[in-house]
Amino acid sequence: MSRRPSRRIGDGGSIPFIGSLQSKTRASPLLSIGIMVVGAIFVLGYMFGGSGGSNSNVVSKIESGASCTTEIQQGLPYLKKAYGDSLHKVLHVGPDTCSVVSMLLKEEDTEAWGIEPYDLEDADNNCKSLVRKGIVRVADIKFHLPYRSKSFSLVLVSDALDYLSPKYLNKTLPELARVSTDGIVIFAGYPGHQRAKVAELSKFGRPPKMRSSSWWIRYFVQTSLEENEAATKKFEQAASKKSYKPACQIFHLRSYN
């Protein structure tokens, strides 16, 4: 990935008003000090307002883009309506799984685990603690998941499958079904709507492939995964009552019998 060009302040090597200060050699000391103060204020305003501020806002907007992991947090009340007791033992698979697991553990009578498909970078103390306890694991989801069959009642997946080619989806989806008993909920990006965070491109190695709902449905049929129609209906009914419109595609699937 190409590195973003850095922006430097004052590429000309000069600070505003320095020329004025040098030309007025006979000005009074108070006038010189006043001009220097005004110049300093101007420079600081330029650095933190005009240049640095606008740049940070742009980066913030790019990096904050639509996140399906965030969508899980927003959609949790409706997942509870749809799955009820099935949320008592949950596995989340996807980036930033520590935040999802931490949120789920705050729910009454809910046990939660997580798989981070990529290296954990700049993990906070809470995330490091979850890893030490074995609640969160770093694992390559393109291969066998490190859990026994039917270890979890429900598996939630976000911001992970969009980065896999069909070759690896053929292995990953059956694994997600294997370790669950009551279903799988997949949060996937809409074509043209979601972009990877700038900071994550180097981690994922490629931009995500945003597939249409028809593409996913055909693929689920090929892998013998059936829609969980009851859960889908309950989720949509609960969401419509609160006028909740997900920013990601949400698929409710049954586990293998």
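What volume does the second largest pocket have? Here are some notes to read beside the model.

1. First, the ground rules. This is a predicted model, in which local features need pLDDT of at least 70 and side-chain atom pairs count only at pLDDT 80 or more, while totals for chains, interfaces and linings use all residues. Residues are numbered from 1 along each chain as its sequence is written, and side-chain values use heavy atoms, with hydrogens and water left out.

2. Now the pocket. The second largest pocket has a volume of about 390 Å³. Closest to its centre, out of 21 lining residues, are Glu227, Thr232, Glu236, Ile250 and Phe251. (A pocket is an open set of points on a 1 Å grid over the protein atoms alone, where a 1.4 Å probe fits, with protein on both sides within 12 Å along at least five of seven lines; lining residues have an atom within 4 Å of a point. The volume is the space filled by probe spheres set on the points, which are joined across faces, edges and corners.)

3. Who builds the lining? Helix 8 (213-222), helix 9 (229-241) and strand 6 (249-253) each supply at least two residues. Helices (H or I, at least four residues) and strands (E, at least two) are DSSP runs, numbered from the N terminus. By class, the lining has 13 nonpolar, five polar and three charged residues. Here Ala, Val, Leu, Ile, Met, Phe, Trp, Tyr, Cys and Pro count as nonpolar, Asp, Glu, Lys and Arg as charged, and the others, Gly among them, as polar.

4. Next, please find Leu173 in helix 6 (residues 166-178). Leu173 counts as buried because its relative accessible area is 0%. (Buried means under 20%, exposed over 50%, and partly exposed in between, with a 1.4 Å probe and protein chains only.) Ile184 is 11 residues from Leu173 along the chain, and their C-alpha atoms are 9.4 Å apart.

5. Two backbone angles deserve a look. Most residues other than glycine have a negative phi. Lys150, although not a glycine, has a positive phi of about 55°. Lys150 sits in the loop between strand 3 (136-138) and strand 4 (154-158), and is partly exposed because its relative accessibility is 46%.

6. The other is Asp159, also not a glycine, with a positive phi near 50°. Asp159 belongs to the loop between strand 4 and helix 6. Is Asp159 buried or exposed? Asp159 is buried, since its relative accessible area is 11%.
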